[in-house]
Structures are given as structure tokens and as C-alpha cells.
Amino acid sequence: MDLEFIRDDFKFSARVSALIYNDNQSKILLFNVKGRSYYALPGGKILELEESLNAIKREIKEELGWDNLEFSFFALSEEFVNDKGYNNHQLNIIYKAIYKNPINEIKFKGLEGEWINFEWVDIDKIEQYNIFPKGIKAVILNKNPSNHFVDNLIAKSNLNE
């Protein structure tokens, strides 16, 4: 079971994601789900009683088939967004890894189906991409050295107390 719960119009979830750079750290791996207007970092939900490091290893194996990456803790983000009728609060534990193999394809499909598209993006072109969470772009560009950021896309007055 995913580490999430729903109460009335409130939904909480815990997620892991990875900043996966190529060997010289000039590119980063992003994904886009068919029909969405934004990109995100690879990863997924943490399962109940699963350590976050194990969760990111599992997610990358499921999505990409890679099991040779070494992950280190990078950041924690909190996202507040209204989606599908819920005021969502998501904690996102972000890890960093270096992909040391040659990049054979800039754009490719994930292992989970045709609906998920991965892309190696040049760091110097990252501003051209709509990325969620919004705060991750500044972290990628080293404009925010903090290992914690908050994206609050819901007006505080709309949140249930």
C-alpha cells in the first residue's frame, strides 16, 4: 500500500524522486506523462513501512530497469496543490545519482508503458521546461542551495485547519 491517506477533501502522500545526472552533469533525466503539460523527476510513491532509499531504488528499477545507481540524499520538498478535488500535501524526498553509462537515446519510453516519456535535458536549457515541483528548477541550477523547499500552489486560506 502506498504511504498516503485521504480525509474529506485533504490528501497526504509521501514520494521519492531522483535527480539523475549524466556522467559530466551537463544533463538531467526528466519524465513527462502523456497528456500532462509539465515534466517531473523520476520516482514514485513510498510504500507503507518502506525506507525512502529503498523506495527510490525500487522505482528506478521499475521505471527504467536500472539497478546500478548509487543514490545520496539531496533535498526534501513539500508540495501543496489542489488536484482532482483534493487539497494535496505531498512530501517528496529527493535523491541524487550519476548515470555513468553512455546515453544512447535522448528521448525514450519507460518500462511501465507508452504513457511515460523520459528525456535527457541539457542543464543550460532547463529554463525552457515546465517542471513540477516548481522549486526543483532553482535547485538544479544551484540558485537555491537549500536542501528544503516548499511549493505552495494552494492559497493558505483554502487549506482546512
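Visitor: How many salt bridges does a search of the whole structure find?

Guide: The search finds 8 salt bridges, a salt bridge being a side-chain nitrogen of Lys or Arg within 4 Å of a carboxyl oxygen of Asp or Glu. This is a predicted model, in which local features need pLDDT of at least 70 and side-chain atom pairs count only at pLDDT 80 or more, while totals for chains, interfaces and linings use all residues. Residues are numbered from 1 along each chain as its sequence is written, and side-chain values use heavy atoms, with hydrogens and water left out.

Visitor: What makes the contact of Glu50 and Arg58 a salt bridge?

Guide: The N to O distance between their side chains is 2.8 Å, and the definition asks for a nitrogen within 4 Å of a carboxyl oxygen, so the label applies. Arg58 also meets Glu59 in a salt bridge, at 3.0 Å from N to O. Glu50, Arg58, Glu59 and Glu62 are linked in a network of salt bridges.

Visitor: Why is Glu59 called buried?

Guide: Its relative accessibility is 7%. Buried means under 20% relative accessible area, exposed over 50%, and partly exposed in between (1.4 Å probe, protein chains only), so Glu59 counts as buried. Glu50 and Arg58 are buried too.

Visitor: How do you know that the span of helix H1 agrees with its number of residues?

Guide: Helices (H or I, at least four residues) and strands (E, at least two) are DSSP runs, numbered from the N terminus. The expected span of a helix is 1.5 Å times one less than its number of residues. For the 13 residues of H1 (residues 52-64) this gives 18 Å, and the end C-alpha atoms are 18 Å apart, so the two agree. After H1 comes Gly65, with a positive phi near 80°.

Visitor: What makes strands E7 and E8 a pair?

Guide: Two strands pair if DSSP finds at least two bridges between them. E7 (residues 107-110) and E8 have 4 bridges in the antiparallel sense, so they qualify. In this pairing Phe108 stands opposite Phe118 in E8, and 2 residues lie between the strands of the hairpin. Strand E3 (residues 27-33) is likewise joined antiparallel to E8 (residues 113-122), by 7 bridges, with Asn32 opposite Asn117.
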